[in-house]
Amino acid sequence: MALIEQLHGYLSDLDRHPVSPAVTVESLQRPHVTFMTARVDGIPLACGAGLDHGDYVELKYMYVLPACRGMGLGKQMLEALETQVRKTGGKLVRLETGTAQTESIELYERSGYRRCPPFGDHHARPGSIFMEKPL
């Protein structure tokens with residue numbers, strides 16, 4: 001939860017408005033949710049989640065502590081989540097990210113994600129980018 005709280009603070013700073021923290025431990029333990037953390041000596045350094053919507057899995061809560069960026073943790077987290085999606089039979093991964101998150105956008109593009117229209121409950125916003133990757 002500490003990583004997710006830091007993620008919300010980071011996003012609030014980027015977007016210049018507070019992000020509503022709708023995430024609870026219980027919400028991450030639901031059957032359709034995969035939540036992963038990368039740890040060193042028991043300390044969580046990165047996290048990410050996949051929410052299974054049936055015809056696609058949405059990636060959420062992707063975050064690497066600022067002091068640990070550049071170590072490849074984001075790429076490893078993304079690959080681990082994609083591997084889990086494949087294991088459960090998923091064929092399509094989607095995500096929403098902010099236009100100010102340039103490092104994230106670069107990671108997703110290098111990993112084969114392409115821009116797509118808004119999906120699910122998401123709506124087009126000037127500060128949002130929607131991406132997907134068929135697996």
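User: Over the face of which ring does Lys-60 lie?

Analyst: The model is predicted. A charge counts as sitting over a ring if NZ of Lys is within 6 Å of the ring centre and within 35 degrees of the ring normal. Lys-60 is placed at 5.6 Å from the ring centre, over the face of Tyr-61.

User: Which residue lies over the face of Tyr-56?

Analyst: Tyr-56 is buried. At 4.8 Å from its ring centre, the residue lying over the face of Tyr-56 is Arg-94.

User: How are the planes of Phe-119 and Phe-130 arranged?

Analyst: Phe-119 is buried, with a relative accessible area of 5%, and Phe-130 is likewise buried, with a relative accessible area of 5%. The ring centres of Phe-119 and Phe-130 are 5.9 Å apart and the planes stand at 85°, so the pair is edge-to-face.

User: Which parts does the pair of Tyr-56 and Phe-119 tie together?

Analyst: The two rings are 5.4 Å apart, centre to centre, with 80° between the planes. Tyr-56 belongs to the loop between β2 and β3, and Phe-119 to the loop between β5 and β6. The pair therefore ties together parts 63 residues apart in sequence, namely the β2–β3 loop and the β5–β6 loop.

User: Where on helix α4 do the buried residues fall?

Analyst: The buried residues of α4 (residues 102-110) are Ile-105, Leu-107 and Tyr-108. Viewed down the axis of α4, these residues fall within an arc of 160°, so they line one face of the helix.

User: Which residues are exposed on the other side of α4?

Analyst: Elements covering the buried residues of α4 include β3, α3 and β6. On the other side of α4, the exposed residues are Glu-103 and Arg-110.

Note on methods. Residues numbered from 1 in each chain as written. Predicted model: local features only at pLDDT ≥ 70, side-chain atom pairs only at ≥ 80, totals over all residues. Heavy atoms only, no water. Buried < 20%, exposed > 50% of the residue type's maximum accessible area, 1.4 Å probe, protein only. Helix = DSSP H or I, 4+ residues; strand = E, 2+ residues; numbered from the N terminus. Arc of directions from axis to C-beta. Contact = heavy atoms within 4.5 Å. Phe/Tyr/Trp six-rings, centres within 6.5 Å; stacked < 30°, edge-to-face > 60°.
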